[in-house]
Amino acid sequence: MVRKIKGAGNKSGGNQQDIIKQAQVMQQEMLKIQEGLKDKFVETSVAGGGITVKANGQKKIVDLSISLDVLKDAIEENDATIVSDLIVNAVNEILDKAEEMAEKEMEVVTGGVSIPGLF
């Protein structure tokens, strides 16, 4: 692989330093996007809006609301797992949405190429 880079650099006028500079620029752009994701939000709800979860693009939960109706149902059924199951479902859904949003934002820099371990 090193030979290909050196050979390509000699033919096209570029070199390893140019490649490193391009990678550094790309890395800076990615860091800016990742920082900006903290101010972009996604929201989801389950149980007919009984539980609502909001997260930012950095996959941090920023808000969680549970309606009294959901709590009353759980109390009437004497089953707290009703609430916990709904919360787990909502959180998993919102994290998927946040991941999807982050991937779309990063496509600007990566050109749609998936980079393992980026997030």
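This is a predicted model: local features need pLDDT of at least 70, side-chain atom pairs count only at pLDDT 80 or more; totals for chains, interfaces and linings use all residues.
Which residue in strand 2 does Val 46 stand opposite? Val 46 faces Ile 51 across the pairing.

## Overall layout

The chain contains four helices and three strands. Along the sequence they follow the pattern α-α-β-β-β-α-α. Of the 119 residues in the chain, 22% are buried. Taking contacts between residues at least 6 apart in sequence, 46% of them join residues at least 24 apart.

The three strands make an open sheet in the order 1-2-3, with antiparallel pairing. Strand 1 (41–46) and strand 3 (61–66) are at the edges with a single partner strand each, so one side of each has no neighbour in the sheet. From one strand to the next the twist averages 10°.

Strand 1 and strand 2 run antiparallel and are joined by six bridges. The two strands form a hairpin, with four residues between them. In the turn, Ala 47 has a positive phi of about 55°. Strand 2 (residues 51–56) is also joined to strand 3, by five bridges, and this pair too runs antiparallel. Here Ala 55 is the residue that stands opposite Ile 61 in strand 3.

## The two faces of strand 1

In a regular strand the side chains alternate between the two faces of the sheet. The covered face of strand 1 carries Val 42, Thr 44 and Val 46. Its uncovered face carries Phe 41, Glu 43 and Ser 45.

Val 42, in strand 1, has a relative accessibility of 15% and therefore counts as buried, the cut-off being under 20%. Leaving out residues up to four places away in sequence, Val 42 touches Val 53, Lys 54, Ala 55, Ile 94, Lys 97, Ala 98 and Met 101. Val 42 and Met 101 are 59 residues apart in sequence, and their C-alpha atoms are 8.1 Å apart.

## Helix 4 across the sheet

Helix 4 (residues 81–110) lies across strand 1, strand 2 and strand 3, and runs at about 150° to strand 1. The helix has 30 residues and spans 42 Å from its first C-alpha to its last, close to the 44 Å expected at 1.5 Å a residue. Just after helix 4 comes Gly 111, which takes a positive phi of about 70°.

An α-helix has 3.6 residues a turn, so residues three or four places apart point the same way. The buried residues of helix 4 are Val 83, Ala 90, Ile 94, Ala 98, Met 101, Ala 102, Met 106, Val 109 and Thr 110. These buried residues pack against helix 2 (16–36), strand 1, strand 2, strand 3 and helix 3.

Which residues does Ala 90 contact, leaving aside its neighbours within four places in sequence? The contacts of Ala 90 are Thr 44, Val 46, Ile 51 and Val 53. Ala 90 belongs to helix 4 and counts as buried because its relative accessibility is 0%. Ala 90 and Thr 44 lie 46 residues apart in sequence, with 6.8 Å between their C-alpha atoms.

Val 109, also in helix 4, counts as buried because its relative accessibility is 14%. With neighbours within four places in sequence set aside, Val 109 is in contact with Met 26, Glu 29, Met 30 and Ile 33. Val 109 and Gln 27 are 82 residues apart in sequence and 8.8 Å apart in space, C-alpha to C-alpha.

## Helix 3 against helix 4

Helix 3 (residues 68–77) packs on helix 4 at an angle of about 140°, and the two axes are 8 Å apart. The two helices are therefore oblique to each other, as an angle counts as roughly antiparallel when over 145 degrees.

Helix 3 contributes Val 70, Leu 71, Asp 73, Ala 74 and Glu 77 to the contact, and helix 4 contributes Ile 82, Val 83 and Leu 86. By class, the residues of this contact are six nonpolar, no polar and two charged.

Note on methods. Residues are numbered from 1 along each chain as its sequence is written. Side-chain values use heavy atoms; hydrogens and water are left out. Two strands pair if DSSP finds at least two bridges between them. Axes are lines fitted to C-alpha atoms, for helices over the stretch in contact, and angles run from 0 to 180 degrees between N-to-C directions. Contact means heavy atoms within 4.5 Å. Angles under 35 degrees count as roughly parallel, over 145 as roughly antiparallel, 65 to 115 as roughly perpendicular and the rest as oblique. Ala, Val, Leu, Ile, Met, Phe, Trp, Tyr, Cys and Pro count as nonpolar, Asp, Glu, Lys and Arg as charged, and the others, Gly among them, as polar. The expected span of a helix is 1.5 Å times one less than its number of residues. Buried means under 20% relative accessible area, exposed over 50%, partly exposed in between (1.4 Å probe, protein chains only).
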